[in-house]
Structures are given as structure tokens and as C-alpha cells.
Amino acid sequence: MVLGSEYDVVVVGAGPGGSATARKCAELGLKTALLEKRQEIGIPVRCGEGLSIYAVQALGMVDKLPRQVYAQEIDGAIVYSPNGKKVVIDFGETVGYILERKMYDAWLAQQAARKGAYVQAKTEITQLVKEQKNGETYITGVKGNFESDDFEIKCNAVVGADGVEGRITRMAGLRSTLMLKTTDSGYQYEMVDIEMEDPRKLIIYFGSKISPRGYVWIFPKGDDRANVGIGIGSMGYEKTAKQYLDAWIATQPGIRKGSIVNTVCGGIPVGGFLKNMVLNGFAAVGDAAHQVNPIHGGGIGEAQRAGYILGHVLAEAKQKNDFSAKALATYNERWWTERGNMLRNVEKVREVMEKIADEDMDMLADSLDGETIMELCHGKRLSVLAKVLMKKPSLLKLATALV
Ligand SMILES: Cc1cc2nc3c(=O)[nH]c(=O)nc-3n(C[C@H](O)[C@H](O)[C@H](O)COP(=O)(O)OP(=O)(O)OC[C@H]3O[C@@H](n4cnc5c(N)ncnc54)[C@H](O)[C@@H]3O)c2cc1C
């Protein structure tokens, strides 16, 4: 098969957001192309690779995940507060996975292809085609290259699924530039021959000295292999994310002794959700639309869920033969109802957490149980957090911001 010259939908970028959108569009009968600039889909990995089972369930993928797409099943977490207090969250059953994203992303793209989308790697979109219709500007196609061959495709809609550094969404005209205050810097080593407390649990370390506005993570990929990483705010800190991570690893003999088999770095959107994600003939999905959980930085499940919502909206647009921004705005409405309002609550929690001192974080670790911590990561039980903060007069203002 070769790349055609006309499609209903052209999806730019075959990460989780792009593959999910393309899959849903193809399933619903749209002629769909999924185009990825990298030579091999899924490589290089730029991710801690954690995915919760709730996301997997919401996507209808339970019992369908092939064994090779994940390295480890996870049954909970061990969280260390700044003063070293340990909170163990144990669900006693699998609640998440540490993926092998190079396999996972390739599998998602294959799924889209099997549903009927045309998928092509090594294909970079360099320009959007814009036309005037009824006095308004519409995006009506893309220009790009496959190896050294240039091409142009006409389509009803382009989907910007080009990730955190993608330019397509901005090229289209959406105001999607990431602000420094809502972007974290991530840095990670995949390490082998290390010691871990429990290879079925995520291990998280908080503290402004270890990781300002973020955390250090150990995401196990087996008994002696893990992603050891850090996310920090992007401005106003003394050191880079790598320097903070190296300094922390130096204090951990069981980690320090290991080898580094892969390095990862990248920006992570942690808020600043877009009220509007559509234009005439265009919609953005995934990191390109900042659809990431602002507390833990997880964007795989969010990108896929948004991709499914968008796929349905594009299918409705095709039925009505109306790809105007007005018609596509249903995607804004559904995403904000199903995900955005919850994520905005999570952003509020993050805004509070970044303002409190280490000793207040320790107080929270003493007062909140594991279940509440998990719920806060899903934008729930904000009033419980507010009540704890209210115990201290200096935190009253922060508490009221939550309720
Ligand atoms: C250090 C770090 C750790 C992370 N850890 C986690 C984690 O543990 N769990 C989690 O859920 N999330 C994590 N994330 C976030 C997660 O990786 C992203 O949210 C997720 O990949 C977003 O998916 P996406 O499809 O929107 O974008 P991406 O996965 O970035 O895919 C975008 C794709 O578009 C392609 N592309 C870009 N421009 C073009 C173009 N012009 N033409 C064609 N193709 C193009 C890119 O090559 C890329 O393949 C982490 C991020 C970082 C940086």
C-alpha cells in the first residue's frame, strides 16, 4: 500500500494520542492516515513508562495488552516525604504497568493499522495547507516528505498529535505554546543491576532539596532494572534536572552501583489546559494540547482517552459533512466534561503543593492515608486536603484555594 493523496483525516504523530485517534477514526469508517516522522514508531522512548490500570480499563484494553508491551505489573507505591517518612500504598493486586513503550507505541500504531488506518513512519509533515471557504480559513491538507520524496495530501481534518515539542498545532494557529510555569523538566536513566525495596511498587521521593516542585521516581521494570528519573519545575532552580537526579543517586548505594542503559529527557506539560483545541479542519490531542495529569506527569492514558473522544467527534463531523471549528467544538465540550474539569482540580492540588514547605509536606504525609493521596491525584477529595491545611493558620489561604 502507498500513501494516498486524499483522506478524511490525517493524524500527525504516532504517539499514544495519534494512534488512538487514528484507530478510532478508522474504526468509525473514516479514511485515515497516521504519519510519524521517526524512522521507527516508539523510538526513542521519552517516558517513565508508567500506566495505571484505570486508564487501561477506560480504554477497553484490559486482557488485551500483549505481554511484550509491559515490563512489570505494579500493585502499589512507596512514597517518602521530605523527612523520610514512608507511606506504603498496597492494593494487593495489579493496579498499573511499567510499559516497554517502544513495544507499546508500536503495538498501538499496529492496532490503528489493523482497524484500517494507513500508517507510515519516516514521514514528516512540514506544512499545513490552508484555504478560504465562505470567508473563513480552513486547514485542508498537509505537505511533507517520506524519505526524500515530497508529497501533498488533501483532507477534511488534520489532527495535531505531534507531542510536547510539536510545531503543527502552533502552525495551525492554536495558542498552544507551553508556559515555563506549567512545564516540568524530566530526566531519567533506565538502570540495570540495581537494588529495589519492592519491584512491584513505584517508589517516589519528595522534597524541595531532592526535587523542587516534583519528585524522584523509581519505576521497576523487573527485579534489578528500573527507570530512575526526576521531574522538576522549569524555572528558578539552582541545578538542572540531571544534576538533581545525579545528586540524589549519589546518596543511594543500591542505585549508584547500577549501570545506565538508556537516558531520557524532555518537557512535561503540567497544566495550562487549552479551553479551545479546534480550528476549522483541525484539532489537537495529547501533549500537543497539554493533556497530562499535572501532579504525576502521566500523559499516555490522557492522550489516548482524548484520542477516542476526538475520533467520535470527527466521525460525527464526517456524517454532517461539517469540519468547521463550530462542529469540532463538541470535542472541547466532551473533553472538558470527561477529563478537563478533573485535571483542572488536579492542577489546583499541584499549585498548592508547590507552595508549601517541606515541613508542611511532612505534616501531610502524617495526616493523609494512601487512598486519599491516590484520590487527590485524580482530582478528588480536595476538601480532605483543605481540612488538613486549615490546621495551620499560615496555610489557610492555600486551603481556601482548594474549596
Ligand atoms: C521524562 C518523562 C517521563 C514521563 N513519564 C511518564 C509516565 O511514566 N507515564 C505517562 O503516562 N506519561 C509520562 N510522560 C509523558 C508522556 O510521555 C506523554 O504525555 C505522552 O507520550 C504523550 O503522547 P502524545 O501522543 O501526545 O505525544 P508523543 O508520545 O510525544 O508522540 C508525538 C509523536 O509525534 C511525532 N511528530 C512530531 N512532529 C511531527 C511531524 N511534524 N510529522 C510527523 N510526526 C511528528 C513525534 O516523533 C512523536 O512520535 C513522561 C514524559 C517525560 C518527558
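**Questions on a predicted model**

Q: Where is E147 found?
A: In this predicted model, E147 is found in the loop between strand 10 and strand 11.

Q: What makes the phi of E147 worth a remark?
A: Most residues other than glycine have a negative phi. E147 is a residue other than glycine, yet its phi is positive, near 50 degrees. E147 sits in the turn of the hairpin that strand 10 and strand 11 form, with two residues between them.

Q: What makes strand 9 and strand 10 a pair?
A: Strand 9 (residues 123-133) and strand 10 (residues 136-146) run antiparallel and are joined by ten bridges; the threshold is at least two, and therefore they count as paired. One of the bridges links Q132 to T137 in strand 10. This hairpin also has two residues between its strands, and N134 takes a positive phi near 50 degrees.

Q: Why is N321 called exposed?
A: Exposed means over 50% relative accessible area. N321 has 65% relative accessibility, so it counts as exposed. N321 lies in the loop between helix 7 (300-320) and helix 8 (325-353), and its phi is positive, near 50 degrees.

Q: Why is Y244 called buried?
A: Buried means under 20% relative accessible area. Y244 is at 5% relative accessibility, and therefore counts as buried. Y244 has its place in helix 5 (residues 241-249).

Q: Which residues does Y244 touch, not counting those up to four places away in sequence?
A: Contact means heavy atoms within 4.5 Å. The residues that Y244 touches are K209, I210, P212, I230, I232, Y237, E238 and K239. K209 is 35 residues from Y244 along the chain, with 8.4 Å between their C-alpha atoms.

Q: Why is L382 called buried?
A: The relative accessible area of L382 is 9%, so this residue falls under the 20% limit. L382 is placed in helix 11 (residues 382-390). Beyond its neighbours within four places in sequence, L382 is in contact with N345, V349, L376 and L402.

Q: Why is the protein chain described as being as compact as a globular protein of its length?
A: The chain contains twelve helices and 18 strands. Its radius of gyration is 21 Å, close to the 22 Å that the globule rule gives for 403 residues, and therefore the description applies. The C-alpha atoms fill a box of roughly 60 × 45 × 40 Å along the principal axes.

Q: What share of the residues of the protein chain count as buried?
A: Of the 403 residues, 55% count as buried. The chain exposes about 17700 Å², and carbon and sulfur atoms supply 50% of that area.

Key
Residues numbered from 1 in each chain as written. Predicted model: local features only at pLDDT ≥ 70, side-chain atom pairs only at ≥ 80, totals over all residues. Heavy atoms only, no water. Helix = DSSP H or I, 4+ residues; strand = E, 2+ residues; numbered from the N terminus. Rg over C-alpha atoms; globule rule 2.2 N^0.38 Å. Buried < 20%, exposed > 50% of the residue type's maximum accessible area, 1.4 Å probe, protein only. Areas by Shrake-Rupley, 256 points an atom, 1.4 Å probe, with all protein chains shown as cover.
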